[in-house]
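User: I am new to this structure. Please show me how to read it, one feature at a time.

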Amino acid sequence: MKIKGMRDIRSRYGLSSKGIPKSREQIVAELARLGHHRSRLKRELDIWIANQQRTKERIQQVRERIALLQRSLNRASFDCDDEEESPAAETPVEKSDSPDTAGNGNSEGWREVSLEY
Amino acid sequence: MTMMNEARARFDGSDKTVLMLRPRSDFVETDTTREVIVRALAYLKTGLPVHFRGPAGTGKTNLALHVAAQLQRPVMLIVGDEALTTTDMVGDSNGYRYRKVVDRFIHSVTKYEEDAVQRWVDSRLTSACREGFTLVYDEFTRSRPETNNVLLNVLEERMLILPTGTRQDNYIKVHPDFRAIFTSNSQEYAGVHQVQDALSDRMVSIDLDYYDRDTEVAITAARSGLDHVAAARIVDVVRDFRETRDYDQVPTLRASIMIARVTVQQEIYPSIQNGRFVSICLDILGSKSEFTNEGREQRARRQKLILSLLERHCG
């Protein structure tokens with residue numbers, strides 16, 4: 001097995017031996033060893049759960065950041081469109097009779113204020 | 001307006017606001033006003049700018065707004081002022097737009113590109129020309145004549161010429177739906193400039209005078225809620241006082257509406273027997289005389305005149 005990290009190293013306290021010890025001392029010794037092993041595995045599980053939670057939170061933060069940047073990108077491209085309409089002064093532009101600079105003739109995109117006279 | 005556009009407007013610093021006009025519930029249209037409206041609309045539909053001129057209190061602004069509403073287009077309203085400049089009309093460069101591009105398309109190569117361009121913000125005339133809105137320029141003769149020079153090309157060549165070097169489109173072709181309505185007071189009014197011939201030559205001027213009695217009664221009744229008979233009493237007093245020419249400031253339809261409104265609010269009938277009504281008339285019509293210490297006799301004489309008119313019409 002290719003070793004990928006510390007957690008992949010085989011523990012010397014495994015359950016490889018399935019036989020029941022015969023002497024009382026051996027049983028007590030294995031009980032004590034397994035008690036330690038159980039505590040270590042429990043700690044490891046807690047760490048995994050905490051990592052999982054933290055990773056989930058990080059994924060959420062990344063998602064929010066992506067959404068924010070996406071919105072900014074949209075706005076930036078909107079401004080670029082504007083600049084494309086009015087490129088820098090050094091760019092020669094041919095103006096025709098058609099009203100390129102004229103608007104669409106409606107108030108879309110404008111804030112309307114009602115006035116009663 | 002979407003949130004994106006609102007945010008963008010704030011970001012740009014531009015005022016992207018238009019007026020949508022609608023008549024008040026007590027708006028009155030009589031045969032006299034209707035005839036003027038029809039004429040004005042005919043000129044506007046031809047593409048000619050219309051200019052309502054006349055003394056204060058003849059309903060110029062109201063008529064201009066009503067005609068503008070009939071065109072069913074968003075409205076840009078400019079009010080003439082001594083301090084108004086061409087910049088206020090067309091817009092100005094306002095701050096800078098800074099842009100920085102970091103290109104890391106190839107991970108081992110980072111390309112930076114930075115530039116800052118002056119940001120141009122359209123003002124109302126430019127927006128109206130560009131978008132084809134209706135421009136109402138109220139009291140335009142209160143602005144200095146050189147401020148209005150920019151209108152010459154707009155009205156004749158249908159071209160708005162912006163200051164050079166401001167932005168790429170220094171020449172804006174005026175939108176075919178763009179229409180302009182002007183109002184102005186008579187030349188003898190305080191704070192009013194003379195209209196340059198070139199500008200007045202480009203517009204159709206419609207002279208407005210004080211409305212006929214029936215129209216004034218109808219407007220007074222509608223604006224105050226008073227019945228027509230009672231409104232007619234007040235209008236007759238004000239009109240006769242106007243005819244005497246014994247005042248420093250012309251008593252207009254506004255005076256009739258003021259008196260009628262207070263009468264309604266105070267729940268009194270317009271009668272000479274009612275002291276409160278007489279006081280209201282003396283206050284409102286008496287204020288048409290200048291207050292000087294030397295003019296006591298004159299004020300007393302004018303008060304007598306108002307009382308005699310009240311006796312005649314509200315007896």
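Analyst: Let us start with a loop. B:Val109 sits in the loop between β4 (91–103) and β5 (111–122) of chain B. Helices (H or I, at least four residues) and strands (E, at least two) are DSSP runs, numbered from the N terminus. This is a predicted model: local features need pLDDT of at least 70, side-chain atom pairs count only at pLDDT 80 or more, and totals for chains, interfaces and linings use all residues. Residues are numbered from 1 along each chain as its sequence is written, chains are lettered from A and ligands numbered from 1 in the order in which they are written, and side-chain values use heavy atoms, with hydrogens and water left out.

User: Is B:Val109 buried, exposed or partly exposed?

Analyst: Buried means under 20% relative accessible area, exposed means over 50%, and partly exposed is in between (1.4 Å probe, protein chains only). B:Val109 has a relative accessible area of 45%, so it is partly exposed.

User: How many salt bridges are found over all chains?

Analyst: A salt bridge puts a side-chain nitrogen of Lys or Arg within 4 Å of a carboxyl oxygen of Asp or Glu. The whole structure has 24 of them. One of them pairs B:Arg99 with B:Glu113, at 3.9 Å from N to O. B:Arg99 is in strand β4 and B:Glu113 in strand β5 of chain B, 14 residues apart. B:Arg99 is partly exposed at 28% relative accessible area, and B:Glu113 is partly exposed at 40%.

User: Where do B:Arg202 and B:Glu156 lie?

Analyst: Their side chains form a salt bridge at 4.0 Å, N to O. B:Arg202 is in the loop between α7 (197–200) and β10 (204–207) of chain B, while B:Glu156 is in helix α6 (residues 150–156), so the pair ties together parts 46 residues apart in sequence.

User: Which residue forms a salt bridge with B:Asp246?

Analyst: The partner is B:Arg302, with the closest N and O atoms 3.0 Å apart. B:Asp246 is in the loop between α9 (228–244) and α10 (253–266) of chain B, and B:Arg302 is in helix α12 (residues 296–313), 56 residues apart. Both residues are buried. Shared partners also bring B:Asp248 and B:Arg301 into one salt-bridge network with B:Asp246 and B:Arg302.

User: What lines the largest cavity?

Analyst: On a 1 Å grid over the protein atoms alone, a cavity is a set of points where a 1.4 Å probe fits but cannot get out; lining residues have an atom within 4 Å of a point. The lining includes B:Gly47, B:Leu48, B:Phe178 and B:Arg179. The space in this cavity is about 40 Å³.

User: And chain A: how many helices and strands does it have?

Analyst: Chain A has one helix and one strand. Buried residues are 9% of its 117 residues. Chain A exposes about 10,300 Å², with 54% from carbon and sulfur atoms.

Notes: Areas by Shrake-Rupley, 256 points an atom, 1.4 Å probe, with all protein chains shown as cover. 1 Å grid on protein atoms, 1.4 Å probe; cavity = no way out; pocket = protein on both sides within 12 Å on 5 of 7 lines; lining within 4 Å. Points joined across faces, edges and corners; volume = space filled by probe spheres on them.
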